[in-house]
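Please read them alongside the coordinates.

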Amino acid sequence: MHEYTSTPRVWGLSCPGFPEEVSRARRWTRDVLRGSPLAEDVELIVSELSANAILHTASGREFGVFHLAVAVSAQVVAVSVTDDGGTSTAPKVERQDQDAEHGRGLGMVSAIAHRVVVHDSGGGHTITAELFTNVRRGGHPC
């Protein structure tokens with residue numbers, strides 16, 4: 001964040017629900033966070049959340065979209081992906097066996113992020129992952 005900016009900066013991107021859009025979302029995130037020590041972790045989270053939106057919700061159907069937001073402040077980098085819904089259950093973090101072929105994505109996101117929150121959002125869901133910029137041992141913010 002620029003030294004004269006006192007509020008968070010927020011970027012947004014809407015993508016059609018095509019699989020190739022996951023790589024575009026990753027590249028866009030990398031550009032937004034250029035130079036940040038958290039860029040690679042956030043890029044991985046964006047990849048997982050975007051792919052989940054396409055694979056498991058109406059975002060991956062005809063005319064579907066997913067929305068990506070990145071917010072950066074001096075204390076936190078937050079990334080949110082909002083899907084088009086169309087499922088009867090909300091996404092949830094599950095601890096899966098490491099040999100499981102499916103269902104490990106949000107668990108991986110929660111292992112990288114300091115906090116993961118799932119919100120209902122007008123027919124869909126928004127998953128927000130937060131990574132604190134200054135973290136002490138044990139994962140607690142300074």
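1. In soluble globular proteins, nonpolar side chains tend to be buried together.

2. On provenance: this is a predicted model, in which local features need pLDDT of at least 70 and side-chain atom pairs count only at pLDDT 80 or more, while totals for chains, interfaces and linings use all residues. Residues are numbered from 1 along each chain as its sequence is written, and side-chain values use heavy atoms, with hydrogens and water left out.

3. The chain contains three helices and five strands, in the order β-α-α-β-β-α-β-β from the N terminus. Helices (H or I, at least four residues) and strands (E, at least two) are DSSP runs, numbered from the N terminus. Of the 142 residues in the chain, 38% are buried. Buried means under 20% relative accessible area, exposed over 50%, and partly exposed in between (1.4 Å probe, protein chains only).

4. The accessible surface of the chain comes to about 8600 Å², of which 50% belongs to carbon and sulfur atoms; areas come from the Shrake-Rupley method with a 1.4 Å probe, and for residues only the protein chains shown count as cover. Among contacts in the chain with a separation of 6 or more, 57% are between residues 24 or more positions apart. Contact means heavy atoms within 4.5 Å.

5. Helix 1 (residues 21–32) has 12 residues and reaches 16 Å from its first C-alpha to its last, close to the 16 Å expected at 1.5 Å a residue. The expected span is 1.5 Å times one less than the number of residues. Which residues of helix 1 are buried? They are Glu 21, Val 22, Ala 25, Trp 28, Thr 29 and Val 32. Seen down the axis of helix 1, these buried residues fall within an arc of 125°, so they line one face of the helix; the arc is that of the directions from the helix axis to the C-beta atoms. Their cover includes strand 1 (9–16), helix 2 (39–56) and strand 2 (65–72).

6. Helix 2 has 18 residues and reaches 25 Å from its first C-alpha to its last, close to the 26 Å expected at 1.5 Å a residue. Not counting residues up to four places away in sequence, Val 42 touches Thr 29, Leu 33, Val 77, Val 79 and Leu 131.

7. In helix 3, the buried residues are Gly 105, Leu 106, Gly 107, Val 109 and Ser 110. The cover over them includes helix 2, strand 4 (115–121) and strand 5.

8. Ala 129 is found in strand 5 and, at 0% relative accessibility, counts as buried. Leaving aside neighbours within four places in sequence, Ala 129 is in contact with residues including Ile 45, Val 77, Val 79 and Val 109. Ala 129 and Val 81 are 48 residues apart in sequence and 9.0 Å apart in space, C-alpha to C-alpha.

9. Two residues in the loop between helix 2 and strand 2 deserve a look: Ser 59 and Phe 63. Ser 59 has 0% relative accessibility and therefore counts as buried. The side chain of Ser 59 reaches the backbone oxygen of Val 65 at 2.6 Å. Leaving aside neighbours within four places in sequence, the contacts of Ser 59 include Gly 17, Ala 53, Asp 83 and Asp 84. Phe 63, at 76% relative accessibility, counts as exposed, and has a positive phi of about 70° although it is not a glycine.

10. Ser 73 lies in the loop between strand 2 and strand 3 and is buried, with a relative accessible area of 11%. A polar atom of the Ser 73 side chain lies 3.2 Å from the backbone nitrogen of Gln 75.

How values were computed:
A polar contact is a pair of N or O atoms within 3.5 Å; within protein, one must be able to donate a hydrogen and the other to accept it, and residues adjacent in sequence count only if both atoms are side-chain atoms.
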